[in-house]
Each structure stands twice: as structure tokens, then as C-alpha cells.
Amino acid sequence: MQRDLGRLTGHEHDLLVIGGGIHGAAAAWDAAQRGLAVALVEAGDFGSGTSWNSLKTIHGGLRHLQRADLVSLRESTRERAALLRIAPDLVRPLPFLLPLYGHGLRGREAMTAALLAADALGAGANDGLPPSHRIPRSRVLSPQEVRDRAPGVPAERLTGGASWTDAQVESTERLLVGFLHAAVDAGAAVASRVEVTGLRLAAGRVAGALARDREGERSLEVRSRMVLSATGPWIDRLAASAGVAKRPAPLLRAVNLVLGRRLVDRLALGGRGDGRYLFLVPWRDRCIVGTGYEPAGSPGADRGIAGLLAEARRAFPWAGIESSDVTLVHRGLVPGHGGARGLLMRGRVVDHEAEDGRPGLCSVRSVKYTTARSSAEAAIDLVVRRLGRRAAPCRTATTALPRARPLEGTLAERARLAARDEMALHLTDAVLRRLDLGTAGAPDPEEVDAVALAMASELGWDAARGAREKAALEAAYASDGSVRDEGPFPPETG
């Protein structure tokens with residue numbers, strides 16, 4: 001996976017994908033696998049935006065039953081199975097437990113019906129999966145079974161518990177890199193830190209992009225027959241550069257908190273917060289709690305952290321969660337308004353030729369990490385139609401991602417490989433999104449030194465450059481525990 005700007009600018013591509021998060025990476029792989037000539041550019045590092053904010057779970061869609069959204073439930077179930085199938089080294093089954101209190105719509109009887117319906121609608125999801133990755137049937141537990149699995153759960157009015165299985169991603173960062181490797185192996189040209197400054201127009205249609213190499217500070221022109229915007233919360237802003245005048249969609253700031261204590265073990269535990277459910281998810285030697293939502297324009301990012309902590313204490317009163325438990329804050333912007341109830345639950349592909357009279361451009365309005373692959377498939381279906389091309393069918397739901405796994409070897413060897421073969425251009429790239437050293441909290445200084453030394457050897461850094469890289473990594477970890485790496489646009493967008 002080499003950063004070859006000559007390949008980007010040297011000829012016209014069938015498709016230029018703008019945005020190197022999970023949706024863009026999945027789209028580039030899908031398009032390249034179908035035989036299209038594909039380029040992908042990302043303004044920052046791959047996966048440094050909303051894709052980096054994750055509860056590390058792959059949901060089968062049980063939550064969609066609350067709104068009787070059977071289409072989304074089936075899609076989520078299919079996509080959970082697809083990720084278990086194509087990335088088995090990183091995606092594995094994870095049991096979930098939701099204690100039930102009283103009766104009625106949130107009680108034992110209603111949840112029994114919901115679990116039966118979800119299992120029936122997800123029939124066949126285990127087809128082709130090895131025994132270790134198959135999803136067992138859901139069931140409702142007795143109060144004693146709930147207490148046996150989660151001893152801290154309050155017993156008063158406990159009527160049982162909903163038990164089902166979804167999946168967990170050990171490393172969302174390595175999964176995204178696995179998609180990128182697959183895209184490159186299929187012929188795609190990809191480059192990080194290439195910032196699109198505007199869309200290129202020719203005879204009234206979008207025909208590529210004007211860009212800036214953020215490493216060499218030079219202007220670039222990338223020509224393509226179609227452009228797919230996978231820029232997450234910035235798709236309206238990018239479309240505006242092609243004259244598509246739309247009111248920007250409202251955004252929410254999503255927050256997940258990594259906690260330094262492993263409060264749950266071998267299962268994810270749900271609890272009712274402020275009229276909704278939060279989950280404590282075991283991850284490595286820690287756990288993650290989430291997800292909190294607030295309007296993106298809300299003043300004071302710390303208020304979102306404090307609000308989620310307060311809600312988590314109400315949802316899990318037995319856990320004694322304190323602000324000192326937080327080792328890292330994951331944030332990202334997602335489409336929605338108001339708060340959790342206003343979250344957009346289903347993504348869509350926007351055909352700007354049909355909707356706005358601007359041929360050559362389409363966008364994917366991304367919502368969930370779980371369904372990124374299917375959203376990408378829908379987007380590339382549209383691209384193929386607009387190109388008028390005959391292309392191979394989509395095979396990304398069944399084709400394994402051989403590089404979706406942790407890097408192997410000693411830390412120095414892995415750091416050199418990340419720099420040489422995975423476009424880790426900076427220390428932040430390697431520590432945060434290739435080596436999993438800084439994804440649960442600030443990394444160990446000795447490990448940082450080892451990675452910096454290995455990257456210096458591989459990339460030719462002198463002592464002054466190494467010191468700047470370490471300073472940038474330290475600055476990325478904000479005082480509130482969040483990571484603030486650079487992105488394509490300023491973060492203060494409401």
C-alpha cells in the first residue's frame with residue numbers, strides 16, 4: 001500500500017472516492033473488485049475521523065424492532081454475518097445481556113416476543129460461518145441467571161434478562177486497513193493526506209477533484225469519470241463546491257468512553273439511562289461505555305463527556321463509575337438532530353444527477369459502522385449504472401479480507417511495516433491507527449520511543465523530526481482524554 005501520487009494524477013480513473021473512513025475504504029474495495037479503475041484520497045490519515053469513534057460492536061439490528069424497521073434489522077443481521085465471514089480474525093461473537101424490570105413494553109413478555117421475532121427475521125445468517133463464529137439463538141433468562149452472569153445488577157423488581165449475541169471488533173482500525181489493503185490488491189490507487197479543495201467540473205459534470213498534497217504542499221488534479229463522496233459529516237460541504245446548494249444536514253457529536261476498569265467480563269451489559277439503553281462493553285483489559293449524543297454545535301465538549309458519565313452512573317449504579325476511570329474519549333460527528341432520539345438510523349446513497357442535476361457525483365450519507373459494506377455496495381451499484389459499464393457483481397460480502405488482522409512481529413518490526421507498507425506517514429498514524437498502542441489510552445512512553453526509532457530508520461527522520469513527531473502525538477491527546485487528530489475540515493461545525 002504505497003503512496004504514489006503519480007498514479008493518482010497520471011490518468012483518468014473510472015471512480016474517485018473522497019474519504020478514507022470505513023465507508024470510503026469499503027467502496028474502493030468494492031469498485032476495484034468489480035473491475036473499475038479506482039482512486040481514493042483522504043485528507044488526514046485513514047480512519048482518523050468518525051470511523052475512529054466506536055463502541056467496537058457490530059449490531060445485528062435488534063434495536064430496529066422498536067421502530068418496526070424490519071428492513072434495517074435484516075440489513076444489520078446480514079452485515080454482521082458478512083463481517084464475521086470476511087474478517088474472522090478481528091470480528092467475533094459477543095454475548096449481550098439486558099436486565100429486565102417489571103412488565104409492559106420493556107418487560108419480560110415484550111422482550112420475549114422481540115427476541116423471537118429477531119431470530120426469525122435473521123434466519124440463515126449463520127450460513128457459511130465456522131462453528132466458532134455462528135450466532136446462537138436468543139433467549140430470556142430468569143432473574144437468578146441474570147444475577148449469576150452480572151452479580152452487580154440490582155435485584156429489586158428484576159423479572160429476568162434478554163440474552164442475545166451480536167459481534168465485537170477487536171480493532172476497528174485494523175479492519176479498516178484490511179479493506180484498504182484489499183482495494184489496493186485489486187488495483188486501486190490510494191493516498192492519505194491528500195486534501196480535496198474542490199470538485200473538478202468539465203462540461204457541466206463532475207470530473208474529478210482539485211487537491212493539495214499535505215505532505216509536499218503542492219497542488220494536484222485527479223481526473224475521474226465519477227466521484228463518490230464518502231466524507232461523512234462533510235458531504236454537503238463537498239457537494240457545494242460543485243454548485244450543489246443544499247442546507248447542511250444537522251449533526252450530532254457521538255461520544256464513547258474507554259474506562260480503565262473491566263467492569264464486565266465476557267458479555268456486554270445493557271442498562272437504562274435517560275429513557276434509553278447504554279451498554280458496557282468488555283474490551284481488552286478495559287471496557288467501553290456508550291454511546292452518548294449531543295448537538296454538534298453545543299458549546300463545551302467537556303459537557304458531552306460529563307453528561308454521558310452521569311447517564312452511565314444512572315444506568316449502572318452498581319459500577320461506581322467516576323471521571324477518573326476514563327482513559328480515552330472517542331468522538332465523532334454523525335447525522336441527526338437534538339440528541340439520541342434524533343439520530344439518523346438508516347444511511348442512503350445520494351445520486352446528485354437525479355436529485356440536483358449535477359452528473360458525475362454521488363454521495364453516501366453514512367450512519368453505522370456495521371452497515372458500511374452494504375452502503376458501499378449500494379453506492380457502487382449506482383456508480384456502475386451511471387458509468388454505463390458492465391461490471392462483475394459485488395462479492396465483498398463473501399470475499400475474505402486477508403490483511404484484516406493484527407500486524408505480527410516485534411514492536412519495531414511492526415512499526416517499520418506500518419511505515420513501509422501501510423502508509424503510516426507520522427507517529428500518530430502508527431500509534432493510533434496501525435499498531436493499536438494508543439486506542440485505549442495514552443501509550444507507554446517506552447513503546448512510543450521504540451516506534452519512533454523504527455519509523456525514523458524506515459522514513460529517514462532526523463532527531464529534530466523525531467522530536468516533532470513525538471510532540472504532535474502528545475498534543476493529540478487532549479486534556480479531557482479525547483484524541484484530536486487533524487481532519488479534512490475544522491471540527492467546530494454545527
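Colleague: Leaving aside its neighbours within four places in sequence, which residues is threonine 231 in contact with?

Modeller: In this predicted model, threonine 231 is in contact with Ile18, Gly19 and Leu238 once the neighbours within four places in sequence are set aside. The residue belongs to the loop that runs between β10 (218-229) and α7 (235-240), and its side chain is joined to that of serine 229 by a polar contact of 3.0 Å.

Colleague: How should I read aspartate 119, and where is its place in the chain?

Modeller: Aspartate 119 is found in helix α4, which covers residues 108-121, and because its relative accessible area is 17%, it is classed as buried. A polar atom of its side chain lies 2.9 Å from the backbone nitrogen of serine 138; with neighbours within four places in sequence left aside, the contacts of aspartate 119 are with Arg137 and Ser138.

Colleague: Turning to a whole helix, what span does α13 reach, and what span is expected?

Modeller: Helix α13, residues 445-459, reaches 20 Å from its first C-alpha to its last, which is close to the 21 Å expected for its 15 residues at 1.5 Å a residue. At its start, a side-chain oxygen of aspartate 444 comes to within 2.8 Å of the backbone nitrogen of glutamate 446, while the residue that follows the helix is glycine 460, with a positive phi near 80°.

Colleague: Which residues of α13 are buried, and what do they pack against?

Modeller: The buried residues in α13 are Val448, Val451, Ala452, Ala454, Met455 and Ala456, and the elements against which the buried residues pack are α11 (411-421), α12 (427-433) and α14 (463-476).

Colleague: How many disulfides does a search of the whole structure find?

Modeller: A disulfide is a covalent bond between the sulfur atoms of two cysteines. The search of the whole structure finds zero of them. Cysteine 362, for instance, is in no disulfide, and the nearest cysteine sulfur, which belongs to cysteine 394, is 15 Å away.

Colleague: What radius of gyration does the protein chain have, and what would a compact globule have?

Modeller: With 494 residues, a compact globule would have a radius of gyration near 23 Å, and the 22 Å of the protein chain agrees with that. Its C-alpha atoms fill a box of roughly 70 × 55 × 45 Å along the principal axes, and 58% of its 494 residues count as buried. Among contacts with a separation of 6 or more, 74% join residues 24 or more positions apart, and the secondary structure comes to 14 helices and 17 strands.

Colleague: What mean pLDDT does the protein chain have, and where is the pLDDT below 50?

Modeller: The mean pLDDT is 91, and 96% of the residues reach 70 or more. Over residues 486-494 the pLDDT falls below 50, and this stretch has 17 contacts in the model beyond near neighbours in sequence.

Terms used
Residues are numbered from 1 along each chain as its sequence is written. Side-chain values use heavy atoms; hydrogens and water are left out. Helices (H or I, at least four residues) and strands (E, at least two) are DSSP runs, numbered from the N terminus. The expected span of a helix is 1.5 Å times one less than its number of residues. Buried means under 20% relative accessible area, exposed over 50%, partly exposed in between (1.4 Å probe, protein chains only). Contact means heavy atoms within 4.5 Å. A polar contact is a pair of N or O atoms within 3.5 Å; within protein, one must be able to donate a hydrogen and the other to accept it, and residues adjacent in sequence count only if both atoms are side-chain atoms. pLDDT is the predictor's confidence in each residue, from 0 to 100. A disulfide is a pair of cysteine sulfur atoms within 2.5 Å. The radius of gyration is taken over C-alpha atoms; the globule rule is 2.2 Å times the number of residues to the power 0.38.
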